[in-house]
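Here is a short report on a structure that may be new to you. Please look at the sequence and the model first, then read on.

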Amino acid sequence: MIVAELSRSGLESRLAGPGLRLRTGPVVSRIQSRVPAVIEAVAIHYAEYAAENDDCFADFHVRVERPLGPRRWFRPQARLLVDGHAPFTPLPLGHAYPMLEWGLNWCISAYCHQYLIFHAAVVERFGRALVLPAPPGSGKSTLCAGLVHRGWRLLSDELTLVDFATGDVVPLARPVSLKNRSIDLLRAFAPTAVFSRPVHDTTKGTVAHMRAPSASVRRATEAARPRWIVFPRYAPGSAAQLSPLSKARGFMEMVKSGVNYSVHGRAGFERLALAIESCDCHEFVYGGDLDEAIAVFDALAARA
Amino acid sequence: MSILSGSEARWHATPSSALASREWNGEVVVYNDRTGSTHLLDEFAGAILRELCATGAGMAVDDLAVALTGDAASVAASDLTAAITVVLAEFDRLGLARAERP
């Protein structure tokens, strides 16, 4: 069953009661919430994702709720609970849905050590994965969102999961997080894309989530072999330019983007070395012209 | 005189069982089990570490100069031994090698 097959009241009942066991790639999260904005967002952005049975094992138990006490009403807040514990301070109630997305990312980063995880977007074309590691503000999510609306498949906009046994990248295919000017940029670039209501005044500025393309969600069990590692940098007004980067320097930049590289020690080093061995590494500068940027990556894929 | 600059000091790499490395086009990335750190070495530093790892007896700066150039006369080139000394000091700081008095 997918989420869209639940009636609205059925979805609300699940979220308010036993929880919605939502599958995103290899991860099943049991989500509970009575917050209307969260219910609405789940209905819209996770419509095509599998809603597992109540007896399905859940990797995480996540709840977004309004706290008891005065902050339930006075400048109302929302808080996130994971396995009954609150790992973060409460946020304004209006941030409830982004909080869910950030919380799910945190769960994976903190616990999914069966994978080697990098802070990177990753998309796929012709069976090969393009990894885009970069710090916040570099434009990787904008690029990622643009690419997945021009023929590339979304694997993840935030966390790249590398399978230790195979070296393949495992998809999550969750909604893409966009910030500030990128929101309007993507609205214009992909007029048929579905966006959440923008949430203002977060620590990241204004945030909105773009629903993952249906094809990406349908193929969320298909892993992909990494082929390119490209470090993007947004520079307003710049023409799109792709430059080669040595494998050794690419390796070190990936270490900087490592979420749990240090947890794995030598095994992480060896796994990353194998990935680098099979990848071409590049630096990429672009000025915000998505068509120009995507043409560069399409050409890269065509040469592979 | 600093042990690090004395020509009589013999340098030993961290045991190779604690190191993992990969080389691409002369650049080397090396992981140190003892510190959990990963380092990027240029071709020169990578060659020095390789020489140190290849011998268990330790090497003096002059020995390294000869090993790197294959030319005993190069030992007299103070800029080479000075450059080697700089790298070895960095290795010491990073925990990749250490000096011992004879």
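## A buried arginine

Arg174(A) counts as buried, at 5% relative accessibility. Buried here means under 20% relative accessible area, exposed means over 50%, and partly exposed lies in between (1.4 Å probe, protein chains only). This is a predicted model, in which local features need pLDDT of at least 70 and side-chain atom pairs count only at pLDDT 80 or more, while totals for chains, interfaces and linings use all residues. Residues are numbered from 1 along each chain as its sequence is written, chains are lettered from A and ligands numbered from 1 in the order in which they are written, and side-chain values use heavy atoms, with hydrogens and water left out.

Where does Arg174(A) sit? Its place is in the loop between E11 and E12 of chain A. Helices (H or I, at least four residues) and strands (E, at least two) are DSSP runs, numbered from the N terminus. The side chain of Arg174(A) makes a polar contact with the side chain of Tyr46(A), at 3.3 Å. A polar contact is a pair of N or O atoms within 3.5 Å; within protein, one must be able to donate a hydrogen and the other to accept it, and residues adjacent in sequence count only if both atoms are side-chain atoms. Not counting residues up to four places away in sequence, Arg174(A) touches several residues, among them Thr24(A), Tyr49(A), Glu101(A) and Ala212(A). Contact means heavy atoms within 4.5 Å.

## Strand E10 and its partners

Strand E10 (residues 159–163) of chain A is mostly covered: four of its five residues are buried. Strand E7 (residues 115–125) of chain A pairs with E10(A) in the antiparallel sense, over five bridges. Two strands pair if DSSP finds at least two bridges between them. Leu161(A) in E10(A) is the bridge partner of Ile117(A).

E10(A) is also joined to strand E11 (residues 169–170) of chain A by two bridges, again antiparallel. There, Val162(A) stands opposite Val169(A). The hairpin of E10(A) and E11(A) has five residues between the strands, and Gly167(A) takes a positive phi near 80 degrees in it.

## A three-strand sheet in chain A

An open sheet has the strand order E12-E14-E13 in chain A, with antiparallel pairing. Its edge strands are E12 (176–179) and E13 (199–202), each pairing on one side only. From one strand to the next, the twist averages 35 degrees. Axes are lines fitted to C-alpha atoms, for helices over the stretch in contact, and angles run from 0 to 180 degrees between N-to-C directions.

E13(A) is joined by two bridges to strand E14 (residues 205–210) of chain A. Val199(A) stands opposite Val207(A) in E14(A). Helix H4 (residues 140–147) of chain A packs on the sheet and touches E12 and E14. The direction of H4 makes about 125 degrees with that of E12(A).

## A sheet where two chains meet

Chain B has an open sheet of three strands, in the order E2-E3-E4, with antiparallel pairing. Strands E2 (19–24) and E4 (37–41) of chain B have a single partner strand each, so one side of each is left without a neighbour in the sheet. Neighbouring strands are turned by 15 degrees against each other on average, direction ignored.

Which helices pack on this sheet? Helix H7 (residues 247–256) of chain A touches E2, E3 and E4 of chain B, and its direction makes about 155 degrees with that of E4(B). Helix H1 (residues 43–54) of chain B touches E2, E3 and E4 as well, with its direction at about 115 degrees to that of E4(B).

## Helix H2 of chain B

In helix H2 (residues 61–69) of chain B, the buried residues are Val61(B), Leu64(B) and Ala65(B). Seen down the axis of H2(B), they fall within an arc of 100 degrees, so they line one face of the helix. The arc is that of the directions from the helix axis to the C-beta atoms. These buried residues pack against strand E1 (10–13), H1 and helix H3 (78–94) of chain B. Just after H2(B), Gly70(B) takes a positive phi of about 70 degrees.

His282(A) is found in strand E17 (residues 280–286) of chain A. His282(A) is buried, with a relative accessible area of 12%.
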